[in-house]
Amino acid sequence: MIAKHASPAKLEIDLQFASTAIEEKVLALASQLAIKKWVKAAVQLNGLITLRFVNAAEGKKLNLAFRAKDKATNVLTFPYELTKKTVAADIIFCLPIIQKEALEQGKAVKAHLAHLIIHGCLHAQGLDHESDQEAKKMEGREVSLLKSLGFANPYSPV
């Protein structure tokens, strides 16, 4: 009798870009390999995570449609499935907002992008920051993951 082995965990990561210009700007900051490494650091479940990088117009349209806010935001997470073993989510990143925030906060855009990718992935897994207790837990996880990836604490003053 041949023993059946459980298949290894499989997380599929799909990267989408609203335009060639957005793709070029994102990939000038971090390779697809680096972006996928950041996602895998934050997500140890099977499933599908789609990251879509958009311009301000698409970011504003999505934020208005799904959150009734008439402005673009840095990241939007749309979780579709979450069990103890699987996750499925779309995470939208508005590159112009991320660039603007990094400049305003005196941070490297790459570090801010890494932080927001981790942040979006944690939202996809049910973490939130609606209460002080939830925020502390989520921020602690973000800081720990970012440190393991070689990034500074995004909540420390510059």
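Modeller: Start with Gln125, which sits in the loop between helix 5 and helix 6. Keep in mind that the model is predicted.

Colleague: What makes Gln125 count as buried?

Modeller: Its relative accessible area is 19%. Buried means under 20%, so Gln125 qualifies as buried at 19%.

Colleague: Which backbone atoms does the side chain of Gln125 reach?

Modeller: A polar atom of that side chain lies 2.8 Å from the backbone oxygen of Ala42. The side chain of Gln125 also reaches the backbone oxygen of Cys121, at 3.0 Å. The cut-off for a polar contact is 3.5 Å, and the values 2.8 Å and 3.0 Å both fall within it. Leaving out residues up to four places away in sequence, Gln125 touches Ala42, Val43, Gln44, Leu45, Leu82 and Val87.

Colleague: How do you know whether His119 is buried or exposed?

Modeller: The relative accessible area of His119 is 13%. With the limit for buried at under 20%, His119 is therefore buried. His119 belongs to helix 5, residues 109-124. Its contacts, again not counting residues up to four places away, are Val75, His129, Met138, Glu142 and Tyr155.

Colleague: What does helix 5 give to the largest nonpolar core?

Modeller: That core has 38 residues, and Trp38, Leu51, Phe53 and Ile117 have the most contacts inside it. Elements giving two or more residues to this core include strand 1 (11-17), helix 1 (20-29), strand 2 (46-54) and helix 5. Helix 5 supplies the largest share, eight residues.

Colleague: Which residues does Ile117 touch?

Modeller: Ile35, Trp38, Val39, Leu51, Phe53 and Phe93, not counting residues up to four places away in sequence. Another core lies apart from the largest one; it has eight residues, including Ala72, Ile92, Cys94 and Ile97.

Colleague: Turn to helix 3. How does its span compare with what is expected?

Modeller: Helix 3, residues 56-67, has twelve residues and reaches 15 Å from its first C-alpha to its last. At 1.5 Å a residue, 16 Å is expected, and the span is close to that.

Colleague: Why are the buried residues of helix 3 said to line one face?

Modeller: The buried residues are Gly59, Leu62 and Asn63. Viewed down the axis of helix 3, they fall within an arc of 100 degrees, so they line one face. An α-helix has 3.6 residues a turn, so residues three or four places apart point the same way. On the other side of helix 3, Ala57, Lys61 and Ala65 are exposed. The cover over the buried residues includes strand 2, strand 3 (75-82) and strand 4.

Colleague: What makes Gly59 a buried residue?

Modeller: Gly59 has a relative accessible area of 4%. The limit is under 20%, so Gly59 is buried. Setting aside neighbours within four places in sequence, Gly59 is in contact with Val54, Lys71, Ala72 and Cys94.

Colleague: What is found at the two ends of helix 3?

Modeller: At the start, a side-chain oxygen of Asn55 comes to within 3.3 Å of the backbone nitrogen of Ala57. After the helix comes Ala68, with a positive phi near 55 degrees.

Colleague: Why is the pair Lys60 and Asp70 called a salt bridge?

Modeller: The closest N and O atoms of Lys60 and Asp70 are 3.7 Å apart. The rule asks for a Lys or Arg side-chain nitrogen within 4 Å of a carboxyl oxygen of Asp or Glu, so this pair, at 3.7 Å, is a salt bridge. The two residues are ten apart, with Lys60 in helix 3 and Asp70 in the loop between helix 3 and strand 3.

Colleague: How many salt bridges does the rule give?

Modeller: Three. One of them joins the side chains of Arg52 and Glu58 at 2.8 Å, N to O. Glu104 and Lys100 form a salt bridge too, at 3.3 Å. Those two are four residues apart in helix 4, which means about one helical turn separates them.

Methods
Residues are numbered from 1 along each chain as its sequence is written. This is a predicted model: local features need pLDDT of at least 70, side-chain atom pairs count only at pLDDT 80 or more; totals for chains, interfaces and linings use all residues. Side-chain values use heavy atoms; hydrogens and water are left out. Buried means under 20% relative accessible area, exposed over 50%, partly exposed in between (1.4 Å probe, protein chains only). Contact means heavy atoms within 4.5 Å. A nonpolar core is a set of buried Ala, Val, Leu, Ile, Met, Phe, Trp, Tyr and Cys residues joined through side-chain atoms within 4.5 Å. The expected span of a helix is 1.5 Å times one less than its number of residues. The arc is that of the directions from the helix axis to the C-beta atoms. A polar contact is a pair of N or O atoms within 3.5 Å; within protein, one must be able to donate a hydrogen and the other to accept it, and residues adjacent in sequence count only if both atoms are side-chain atoms.
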